[in-house]
Amino acid sequence: MHRLNELYRPSLSLLTDLYQLTMAYGYWKNGLAEREAVFHLFFRKNPFDGGYAIACGLQMAVEYLEQLRFDSQDLSYLATLTGADNQPLFEDAFLDYLGELHWTCDVDAIPEGTVVYPHEPLVRVQGPILQCQLVETPLLNLINFQTLVATKAARVCSAAGVFLPHAADRVIEFGLRRAQGIDGALSASRAAFIGGCAATSNVMAGRLYGIPVVGTHAHSWVMTFASEREAFELYADAMPNNCVFLVDTYDTLEGVRKAVEVGHRLRATGHEMLGIRLDSGDLAWLSIEARKILDEAGFPDASIVASNDLDERLITSLKRQGARIDTWGVGTKLATAFDQPALGGVYKLGAIRDENGTWQPRIKLSEQTIKVSNPGILQVRRFERESGPVSEHRGDMIFDEQTKWDQSHDVTMVDPADHHRQKTFAKDTPYTDLLQPVFRNGEIVGESPSLQAIRDRVRDQLSRTPMAVQRFENPHEYPVGLEQGLFHLKADMIHAARERT
Ligand SMILES: Nc1ncnc2c1ncn2[C@@H]1O[C@H](COP(=O)(O)OP(=O)(O)OP(=O)(O)O)[C@@H](O)[C@H]1O
Ligand SMILES: O=P(O)(O)OC[C@H]1O[C@H](OP(=O)(O)OP(=O)(O)O)[C@H](O)[C@@H]1O
Ligand SMILES: O=C(O)c1cccnc1
């Protein structure tokens, strides 16, 4: 059973916009259902005014596509839908066709955990146009949100220094109570773990995805008892192996002293106090003072957890102020991607075969040149440069896999927003082609990576991404261009399309 289905119902096939089904019906009615097409899923702008994004959500998309079937309940529901004349929207023969339908497309995708940039196809779907079109909405639903949250998590974790060698800090995701509904929370926990968080407070996410779960206690626990001291003692008696005391219910530094007293008592029974949590007040000053109290009392290993509307900017500021926090509890701003609640990923037709079987590239025009989609069957080539122990990413070139340029020569890419900006890579520059096969004829190819492997990939990718691209303020724009031939094809197509209109 897939994890996605485990939460909901056996078939997720109705999880789409009705217009995908109206188009599917149109293709079927016109005998075009099986016409081969290629679509690309990409976004146009990095989230959070940042310089990069982290691809995320593919595994769920794979699970969704693999199970794509309309069961009898789905079909019965679709049979009830009517048009303006009160007649059924879909004729029975079409519903029979849907009942027989299963996924037969090829899918290539950039692996989860890869650093990605605007206009790069994260997912490419090739196959019968009816199927390609039907999955637009669920693919966007699954990939937009997780890519957004994984990016947010990577930013929060880099602010906390999680990706530094020998890092001691951890970020814990506390978002469930403020997340956008059940799946918003679960997807956010998964994406946050991929983006670098060490654990989640969401127990269901722990069970479904194998993410480590952690928990301290709330103010209500302290408020239940006559004194803070009694509250800590009873908690320690009940759970001697999980003692992180929330110290800010009354007077924070007094709370730390009470925690120390109970910590000594705990130690006498053979257990160690794990740490304290700060949840209000000046977190920089309080953490510095709390650290002194803990160290002087013989608890140098006790952790200082902080929470309270934290995000990457606040964490950066607290670090600059010398805060002695080592565990950052981040909820609302992470799980809701607070400062940008959606990634504007889109899914566009790149090419379609004509009656003779020849691929015809397609574009979608826009007033803004940068919004014009890229034609063809696209791949992304990431060029690298040796730089110390790792090779650094130097630039990404989007190209049409069908274009055969002379690979024994240097290759030039052109910035689609400004054709004067060009970059040439020598013919022997090392590169990786980012899109990798995921489905062939509807069958999964290769193994899906573990969540841990995806998480490791984020760390590795960020170590290869120029720091100037990763900074929060005015990040450097990472070079992404179109292979020269593709650039010219696109320019010609725009010209021809504008002539036609
Ligand atoms: N040293 C600091 N520098 C910058 N921001 C801080 C610092 N310490 C705390 N903050 C942040 O300031 C915001 C307000 O915190 P503060 O505890 O004053 O108010 P609060 O959230 O209303 O407290 P409470 O949780 O008791 O209601 C929070 O987002 C907190 O993380
Ligand atoms: O601040 P976040 O990043 O969302 O992290 C989760 C928050 O949830 C809890 O308190 P809650 O907000 O429920 O109550 P409080 O503000 O009164 O502490 C916890 O103490 C954190 O402050
Ligand atoms: O375990 C915690 O400290 C926790 C969990 C959820 C939200 N805030 C805090």
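Which residues does UniProt list for "domain: Nicotinate/nicotinamide phosphoribosyltransferase"? The unreviewed UniProt entry gives residues 172-349; UniProt positions follow the numbering used here, feature names are shortened, and annotations may be inferred rather than shown by experiment.

Before you select anything, some ground rules. This is a predicted model, in which local features need pLDDT of at least 70, side-chain atom pairs count only at pLDDT 80 or more, and totals for chains, interfaces and linings use all residues. Residues are numbered from 1 along each chain as its sequence is written, while chains are lettered from A and ligands numbered from 1 in the order in which they are written.

**The whole chain**

Start zoomed out: the C-alpha trace spans about 80 × 60 × 40 Å along its principal axes. Colour by secondary structure and you have 18 helices and 21 strands; these are DSSP runs numbered from the N terminus, helices being H or I of at least four residues and strands E of at least two. Of the 501 residues, 42% count as buried, meaning that 20 or more other C-beta atoms, placed from the backbone, lie within 10 Å of a residue's own.

Now select 172-349. This stretch is 46% helix and 13% strand, with its end C-alpha atoms 39 Å apart.

Next, pick out the open sheet of 6 strands in the order 7-6-11-10-9-8, with parallel pairing. Two strands pair if DSSP finds at least two bridges between them. Its edges are strand 7 (199-200) and strand 8 (244-246), each pairing on one side only.

Move on to the open sheet of 7 strands, ordered 13-12-1-5-3-19-20 with antiparallel pairing. Strand 13 (359-361) and strand 20 (443-444) each have a single partner strand, so one side of each has no neighbour in the sheet. Within the sheet, strand 3 (residues 106-109) and strand 5 (residues 123-128) pair over 4 bridges, with Val107 opposite Val125.

**The nonpolar core**

Select Ala61, Val149, Ala153 and Ile276, which touch the most other members of the 132-residue largest nonpolar core. Such a core is a set of buried Ala, Val, Leu, Ile, Met, Phe, Trp, Tyr and Cys residues joined through C-beta atoms within 7 Å. Helix 7 (residues 136-160) gives the most to this core, 14 residues.

**The ligands**

Finish with ligand 2, surrounded by 13 residues, the closest being Phe174, Asp279, Ser307, Gly331 and Thr332. A residue is near a molecule if its C-beta atom, placed from the backbone, lies within 6 Å of it. Strand 11 (327-330) and helix 15 (332-335) are the elements that give two or more residues to this shell.

Then switch to ligand 3: around it are Phe174, Ser201, Gly215, Thr216, Arg277, Ser307, Gly329 and Gly331.

How values were computed: Buried ≥ 20, exposed ≤ 12 C-beta atoms within 10 Å, placed from the backbone.
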